[in-house]
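Visitor: I am new to reading protein models. Can you walk me through this one?

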Amino acid sequence: MTTRTSLVAKPKQRRSLYLGERGKLLLGYTAIMLIPFLATYALDMQLKTTYAFALSAMNTLAMMMFYLQFPLGSRLKKIAWFANIDWNMTHHKKVGQWLGLIFFLHPILILAPRFSMSWGDGITSVITTVTASNMLIGVIAWVSMVVWILLSIFKQRLPIRYETWRLTHMMGFVTIIVLATVHITNIGQHGQYAPWFNVIWWGLCSFSVMMVLFNYFVKPILLKRQPFELTEVTQVSSRDWQVTLKTNNDAFDFEPGQFVWFNTTAPGGLKNAAKEHPFSIASSRSSLPNLSFLIRNLGDYTSQLGTLKIGQNVYVDGPYGSMSLHDSAKAKAILLIAGGAGIGPMLSLLRGLADQNDTRPIRLIYGNNQLDQMVLQEDILQLETTMANFKQQLVSLDKGKNAYQGVIDQTIISRLIEPHPTADWSVYLCGPQPMVEGVQGSLKKLSIANRHIHFEHLSF
Ligand SMILES: Cc1cc2nc3c(=O)[nH]c(=O)nc-3n(C[C@H](O)[C@H](O)[C@H](O)COP(=O)(O)OP(=O)(O)OC[C@H]3O[C@@H](n4cnc5c(N)ncnc54)[C@H](O)[C@@H]3O)c2cc1C
């Protein structure tokens, strides 16, 4: 029970990672990124021109960004710096796109000055560089980098399973980082000037590869030691399942609004490790040791949940995620907005508020294309009668007695939050990305400050 107690007793400590600390994280990452660049001063390298200086800065920063992509993409919840998985994944994707551009430009910027002398010199330099034997590894790394970044940007359009993409993504980038490190330690001017500089690069490369080895080979062994038991799989709408797990681990705890990765195949080996899926917890802490999830049938894995065997083991990695009731501790009123499968974390927050006998005005806007996709209506209507000041508003494209017809827009939000001033509200929001972005736009028009909006997309 120790962890469970400590979560309640030290909200401030946990909160420091959730709120207002994003700027600090950004600052911290930027500071780490600068280390190799600053180390070039220790070498006292004579970079002849401003252009050479700018290239040196860009190359060292880009390599450091590349190494940092590995802890950002890993789940290292025990290391505070890397524990904020939402922040990590958002920046992992953004940084990845910048890296793609910088590495694409890398050879072009190196060779560009030769073209300024003459086109003939430029072309000769390109041919000599591309065909030089000591450049082969760099050329392979460069081409692979461009291809792998394009595969990441367009992953939703590829005709392959997400699991296959994820394995390919991981194995590809591990290979590329090793090749890139071989390239910079053999060709890079910093290492040639002072060999100890290469020790930094290889240290960073080893750290990055170790992150991956830990996630794919060590973590599965740890998860296997404490399996959860599957106790329920019920179809709760034409497209949704309620899945319940039971844990024997007294130390397992979570905050309402968090999610876990769960794997119904025994983890072990590369292939099985990639079969895990992220799902938000829909129950509150008072239901522990039981943990429930609301899962929408969206693809090959979620459509087969009905074939799982009651009593079988499920391997749970988590909890993760930064949405928490601590975010709204000072708010006078709370608005929960769920789109489709986003109802899971909103229900967890609502149940958490009910457990605390919260008397503030609490509103839930729950949207689905069709009315028959609204799940657990009995439970939610029950909470309307037992909680001091809670109301639900359904939103659907279907016409229905108590439903607002359409999508979750400014009209329905403002109708629900009146007569309380917008500054009173803390808003939680979860659903598919287009819905989250649309609602964020409506909240902005209603002048609800960004710092009062806490959201989660259902995809990385
Ligand atoms: C933080 C978070 C919380 C989530 N909570 C819920 C929830 O409470 N209820 C719910 O119904 N859905 C939730 N999802 C979405 C859920 O993870 C996907 O719908 C599910 O994994 C789809 O798997 P599939 O094989 O059935 O579908 P697919 O057709 O394979 O995938 C559909 C989409 O789901 C995503 N996805 C698929 N597999 C994975 C994976 N292994 N890891 C990460 N993303 C994947 C990809 O974006 C993919 O394009 C959540 C997602 C995230 C990121």
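Guide: Start with a term. Strands, marked E, are DSSP runs of at least two residues, numbered from the N terminus. Keep in mind that this is a predicted model.

Visitor: Which strands each supply at least two residues of the shell around the ligand?

Guide: Strand E4 (277–280) and strand E5 (290–296) do. In total, 24 residues surround the ligand. The closest are Gly299, Tyr301, Thr302, Ala341 and Gly344.

Visitor: What classes of residue make up that shell?

Guide: The shell has 12 nonpolar, seven polar and five charged residues.

Visitor: How do I read the pairing of strands?

Guide: Strands of a sheet pair through backbone hydrogen bonds, either parallel or antiparallel. Now the case here. Six strands form an open sheet in the order E10-E9-E8-E7-E11-E12, with parallel pairing. Strand E10 (403–405) and strand E12 (453–457) are the edge strands, and each pairs on one side only. From one strand to the next, the twist averages 15°.

Visitor: How many bridges join E7 to E11?

Guide: Six bridges join strand E7 (residues 333–339) to strand E11 (residues 425–431). Take leucine 336 as an example: its bridge partner in E11 is tyrosine 428.

Visitor: Which helix lies across E7?

Guide: Helix H12 (residues 343–355) does, running at about 155° to E7. H12 also lies across strand E8 (362–368), E11 and E12.

Visitor: Where do side chains point in a strand?

Guide: In a regular strand the side chains alternate between the two faces of the sheet. Look at strand E3 (residues 259–263). Phe259, Trp261 and Asn263 point one way, while Val260 and Phe262 point the other way.

Visitor: Are these E3 residues buried or exposed?

Guide: All are buried. E3 is mostly covered.

Visitor: Which strands does E3 pair with?

Guide: Four bridges join E3 to E4, and the two run antiparallel. Four bridges also join E3 to strand E6 (residues 313–320), again antiparallel. Phenylalanine 262 shows both pairings. It stands opposite histidine 277 in E4, and its bridge partner in E6 is valine 316.

Visitor: What are the domains?

Guide: The domain assignment gives domain 1 (22–215), domain 2 (225–320) and domain 3 (325–457). The C-alpha centres of domain 2 and domain 3 lie 24 Å apart.

Visitor: How many residues of domain 2 are in contact with domain 3?

Guide: 20 residues of domain 2 are in contact with 17 residues of domain 3. On the domain 2 side, E4 and E5 each supply at least two residues. The largest share, three residues, comes from E5. By class, that side divides into eight nonpolar, seven polar and five charged residues.

Notes
Residues numbered from 1 in each chain as written. Predicted model: local features only at pLDDT ≥ 70, side-chain atom pairs only at ≥ 80, totals over all residues. Near = placed C-beta within 6 Å. Nonpolar A, V, L, I, M, F, W, Y, C, P; charged D, E, K, R; others polar. Pairing = 2+ DSSP bridges. Axes fitted to C-alpha atoms, helices over the stretch in contact; angles between N-to-C directions. Contact = placed C-beta atoms within 7 Å. Buried ≥ 20, exposed ≤ 12 C-beta atoms within 10 Å, placed from the backbone. Domains from an automatic or database assignment.
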